[in-house]
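Good morning, colleagues. Please look at the sequence and the structure as I bring them up, and keep both in view while I speak.

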Amino acid sequence: MRGPLAPSHVPIAKSRGERFDDLVIDAVDRLKPRWGTQLASVEFAVEEVPPAAELVDGPARLSSDPIPLGRAEPASGDELATVVLYRRPLEARARDRDQLGTLVLDVVVEQVASLLGLTPETIDPGYDDRH
């Protein structure tokens, strides 16, 4: 017998990437009640891993972490501002799905804060409690 093991509408049928996308959507949805107007002009994306250019070590790095978890690109010309999360580095740092959800939320908050020129605590008052 060939075919799917579970119907497509049940959570077990989703791939790891689709479940990760759901976590990103949940994180963005959590910010929308307060920041919906600002987020309307931001596109959110997921990439498997950071590009090689972002893995450069040395004094030019702003973060002490050698592997970035996400990046924010301001709007330019006709293109919307973009927040990109890197799935595999985030999954590697999480012990379980709950911790992954929290980590995804933190990275979304940090990147949105970077785009808007605000602190993460301003974007999500609960950010401070998680750190």
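This is a predicted model: local features need pLDDT of at least 70, side-chain atom pairs count only at pLDDT 80 or more; totals for chains, interfaces and linings use all residues.

The side chains of D124 and R30 meet in a salt bridge, with N and O 3.9 Å apart. D124 lies in the segment after α4 and R30 in helix α1, so this pair ties together parts that are 94 residues apart in sequence. D124 counts as buried, at 7% relative accessibility, and R30 counts as partly exposed, at 47%.

By the rule applied here, the count comes to eleven salt bridges. A second one is formed by R16 and E91, whose closest N and O atoms are 3.9 Å apart. Because R16 lies in helix α1 and E91 in helix α2, the pair ties together parts that are 75 residues apart in sequence. R16 counts as exposed, at 53% relative accessibility, whereas E91 counts as buried, at 17%.

Next, consider R87, which forms a salt bridge with E48; here the closest N and O atoms are 2.5 Å apart. R87 lies in helix α2 and E48 in the loop between β1 and β2, so parts that are 39 residues apart in sequence are tied together by the pair. R87 is buried, with a relative accessible area of 9%, while E48 is partly exposed at 39%. Salt bridges that share partners join R16, E48, R87 and E91 into one network.

The protein chain has four helices and three strands, and along the sequence they follow the pattern α-β-β-β-α-α-α. Of its 131 residues, 32% count as buried. Among contacts with a separation of 6 or more, 57% are between residues 24 or more positions apart. The chain exposes about 8500 Å², of which carbon and sulfur atoms supply 53%.

After α3 comes G117, whose phi is positive, near 70°.

The buried residues of α3 include L100, V104, L105 and D106, together with V107, V108 and V109. Against which elements do the buried residues of α3 pack? Their partners are the helices α1, α2 and α4 and the strands β1, β2 and β3.

Conventions: Residues are numbered from 1 along each chain as its sequence is written. Side-chain values use heavy atoms; hydrogens and water are left out. Buried means under 20% relative accessible area, exposed over 50%, partly exposed in between (1.4 Å probe, protein chains only). Helices (H or I, at least four residues) and strands (E, at least two) are DSSP runs, numbered from the N terminus. Contact means heavy atoms within 4.5 Å. Accessible areas come from the Shrake-Rupley method with a 1.4 Å probe; for residues, only the protein chains shown count as cover. A salt bridge is a side-chain nitrogen of Lys or Arg within 4 Å of a carboxyl oxygen of Asp or Glu.
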